[in-house]
Amino acid sequence: IYNEPIVAMFDGMPQENHPLLSNLLLVDDPDSLSSNYPVDERIHGTSMASLILRGQSMNSIKDDIHRIYVRPIMKSQKDWRNIIEEFIPNDFLLVDKIHECVRRLFEPVAGKVAPSVRVINLSIGIAYREYYNLISPLARLLDWLSYKYRVLFVVSAGNHSDDIDLGMDFSTYTTLPNDEKNKFVYNYISDNLRRLRLLSPAESMNSLTVGSVFSDNSDGTPFPNMTTVCANGIPSLYGSYGRGINSAVKPDILYPGGRSFIRDDVTRRTYAKWVVSSTRMPGIQSAYPDAVRQGLGTTGYTFGTSNSAALISNKAAECYDILNDVFISETGESIPYDYAAVMLKAMLAHGSSWSNLKDECINYLGLSGRQVKNDIHKMLGYGVADVDKVKECTKNQVTLIGYGDIKQNQAFVYSIPLPFNFHTQKYKRKLTVTLAYMSPVHPSSIKYREKQVWFKVDNGQNIAGTRVEYDYNAVQRGTLQHEIFETESSQVWDENDSLTIKVNCRGDASESDSDVLIPYALFATFEMAPEYDIDVYQTVVDKVRAKDIIAPNAE
């Protein structure tokens, strides 16, 4: 077990001696919140900690796992119905508390208790603070902290698990085929976007905001008065949607958040209620506290965007180790501390895609023209993240990783040598490019983002192909630009030519401070369809090595 944590969790107090968490948590509780936090009420923190450590599978974890740093910022109580509530206390300002927590991680005068942390998981949302074009104080703070300490906040989009107006009798809805239920869900989200907005601090520009798809790996059987809401894998009815500041893409990515059944509302025949249960499937399985049965490894099943964010933080820890191994192998040194967070931000989003959800949106919502990309961005962001695809490099693909600091009016050009004869036959090929950066903010400007960094692919010979999913303007409004190009056209191409990607920087909210450094990371993956059985990886790597050998003696 590594003592140095990579992921920090600001949440409720977890059950430290839970068998699934024992010896894996570094709990730091200077406020002594745990002293009035009974074990059986430590539900949210226990669940989130287990998801960050173990993921959704709950399998035994590897020996060299990183512990996670835990800072409790919540309290608990039981209401008059004996239902447990966990909440942000009103005896401190949350903005001040988060600021204090982050300073305690990194500042020597505040303790510098866990400077190795590169990712901070925030699976919390302020229910009464929906995003209405005015960015919240907490989101502003996260943006400032992200840039100052070069740390990545993984933030849940927020939950809206209100009762659902089905527009028909509940018994009628239970008889609908999945296709009709799916259509209802898409239209319900589309019609209610104004009240399903992001919850603070999900609108944070520099953070990675995670929404949910209605998915998990735990199948359950509904009771007679229950039914499934829809099929597995579509946008969740309980999630948050919309856009970020200046219509930036938010939530950035979607990830499984868990399923639940709905049941009839006996007082309103056309309404349905969510089934909230910690003991029965479906849902995301995670550790569950139990003061009486300690030692038996109790687990429960939940749903929500909190799960999605925690699972992405779990993937962030895995990606960190992979990147670290790459750097040690190639350079002999560990991953650069100042660029780890922004590299993780790019890597986590790099495998995202609208995939089949795009066609479902178009068909179920009847979209056409400019509506298509505009409305889909609001609902899907950059799509469902496929982090496992990015972690593994097959022989039919090769990934370029670039990183560094860039200043205003500066540019860097990256090239990928492609020694293939594209004119001999039609090869189906795909280029995925993801650029992430951390920008300082300009609070008094409506533009807010002080500097803009963006990439442009030199596609003059159509080697990369055409943009297949996202809107070119929408992807440049935040601090995460993700694009996918595809083609199978036959093109004349010199085997010594390279595909080039140019990273640019300009002033946005401010033209002053032109020397300010903006940390960025670029991931670019070129791949050919597997059916061609072409070893893209080795062919490109050999070309790069040949250039490295020749370069010192070149004129």
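**View A. Arginine 81 and its salt bridge to aspartate 79.** Arginine 81 is partly exposed at 48% relative accessibility, with buried meaning under 20% relative accessible area, exposed over 50% and partly exposed in between (1.4 Å probe, protein chains only). Its partner in a salt bridge is aspartate 79, and the closest N and O atoms sit 2.9 Å apart. A salt bridge here is a side-chain nitrogen of Lys or Arg within 4 Å of a carboxyl oxygen of Asp or Glu. Aspartate 79 is buried, at 15% relative accessibility. This is a predicted model, in which local features need pLDDT of at least 70 and side-chain atom pairs count only at pLDDT 80 or more, while totals for chains, interfaces and linings use all residues. Residues are numbered from 1 along each chain as its sequence is written, and side-chain values use heavy atoms, with hydrogens and water left out.

**View B. Lysine 97 meets aspartate 31.** These two side chains form a salt bridge at 3.0 Å, N to O. Lysine 97 belongs to helix α2 and aspartate 31 to the loop between β2 (25-27) and α1, so to speak distant parts of the chain, 66 residues apart. Helices (H or I, at least four residues) and strands (E, at least two) are DSSP runs, numbered from the N terminus. Lysine 97 is buried at 7%, whereas aspartate 31 is partly exposed at 30%. Asp31 and Lys97 also belong to a salt-bridge network with Arg71 and Glu100.

**View C. Lysine 395 and aspartate 533.** Here the salt bridge is 2.6 Å, N to O. Lysine 395 is partly exposed at 42%; aspartate 533 is exposed at 54%.

**View D. The largest pocket.** About 1900 Å³ of space lies in here. His44, Met74, Glu86, Asn159 and Ser306 are the closest to its centre, out of 50 lining residues. A pocket is an open set of points on a 1 Å grid over the protein atoms alone, where a 1.4 Å probe fits, with protein on both sides within 12 Å along at least five of seven lines; lining residues have an atom within 4 Å of a point. Grid points are joined across faces, edges and corners, and the volume is the space filled by probe spheres set on them. Elements supplying at least two lining residues each include α1 (43-54), β13 (268-274) and α6 (305-331).
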